[in-house]
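Please look over the structure before reading the points below.

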Amino acid sequence: MAGKPLFDAPSGFFEDWDKDRAEENLALERLGAPGSGITQLFKSRSGGRNRLYKVLSPQFRGQLLYESILRKEFEIGFSLTHPGICAYYAFSPLEGYGNAIELEWIEGCTLREWLEQKPSRALRVAVLDELLDALAYMHRKQIIHRDLKPENIMITYQGNHVKIIDFGFSDSDTHAVNKGAAGTRAYAAPELLDGKGADERSDIWSVGAIMEELVPGWSSVAKRCKAEDPAKRYDSVPALQKALARRRRLWVIPMLMLILLVLGLAIWFRTYSDTDLDALVREAEEAISSTISLSE
């Protein structure tokens, strides 16, 4: 069966898409350096919009295990509809490449590349909030990503919005393949690397590792996320979100006290000195407003 796609019979919602695409002349651009990876990515500029296609590398096409893993990734990705998650559109044979997943093309860069641009703390916190929102949605759908890392999180050029990508290692209760060891060592929970049972706390471990780079000041929260024993981690994304909300409130109180002290000194100097400190007062008032907005 080598070389022959296993899933080449259109059915259900795939049928019309296959027929339409067969009439197109897709211009494919290979992405990434050639290598021995299991999958390959291609960008297409046909059909009036950009698309991304994911196919198996030639040496893996037609092999039952790898074809099943590719199909599993599509089924998991297609079941997720969230602005913070890359959209999966269709699964069908692509002439010359075997079975292909058609995905949303994301105009942006990886979180790794984005961090190299030295974004502000406010932007970093906003990105973390979006990441957690998307992850909470995924977990409600009983799906574990199992390979969260900066390279699998895209940040859009327009608006700095999060898009989680690559569900090749993801898992759900409804699938029976590709349940062994997974992840990238620096960002994978110990149980994932050992091939033991994983749950949403495994993704939370990965979030802790990402937080250490994204918002370094929240090390105590990240440390709990990365507890060796899963029972000592936050047991869900909402629990982690609540912990972060509490930390923000604790951070705001001393900041407000400091700003109020600066305001008091400014008022005192303006009352008892000829020095004009109106600019300092305005800056302090703006800082109070900014601090309150960050705590919300």
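A residue counts as buried when its relative accessible area is under 20%. The model is predicted. By that cut-off, five of the seven residues of strand β4 (residues 88-94) are buried, so β4 is largely enclosed by the rest of the structure.

**Strands β4 and β5**
- β4 and β5 run antiparallel and are joined by six bridges.
- The two strands form a hairpin, with three residues between them.
- Within the turn, Gly-96 has a positive phi of about 90°.
- Leu-94 has Gly-98 in β5 as its bridge partner.

**Largest pocket**
- The largest pocket holds about 770 Å³ of space.
- Its lining is made up of 31 residues, and those nearest the centre are Thr-39, Leu-41, Lys-54, Asn-152 and Asp-166.
- Two or more lining residues come from each of β2 (39-44), β3 (51-56), α2 (64-78), β5 (98-104) and β6 (108-110).
- Helix α2 gives the most to this lining, with four residues.
- Sorted by class, the lining has 17 nonpolar, eight charged and six polar residues.

**Cysteines**
- The structure holds zero disulfides.
- A disulfide is a covalent bond between the sulfur atoms of two cysteines.
- Cys-86 has a relative accessible area of 4%, under the 20% cut-off, and is therefore buried.
- Cys-109 is also buried, because its relative accessibility is 6%.

How values were computed:
Residues numbered from 1 in each chain as written. Predicted model: local features only at pLDDT ≥ 70, side-chain atom pairs only at ≥ 80, totals over all residues. Heavy atoms only, no water. 1 Å grid on protein atoms, 1.4 Å probe; cavity = no way out; pocket = protein on both sides within 12 Å on 5 of 7 lines; lining within 4 Å. Points joined across faces, edges and corners; volume = space filled by probe spheres on them. Nonpolar A, V, L, I, M, F, W, Y, C, P; charged D, E, K, R; others polar. Buried < 20%, exposed > 50% of the residue type's maximum accessible area, 1.4 Å probe, protein only. Pairing = 2+ DSSP bridges. Disulfide = S-S within 2.5 Å.
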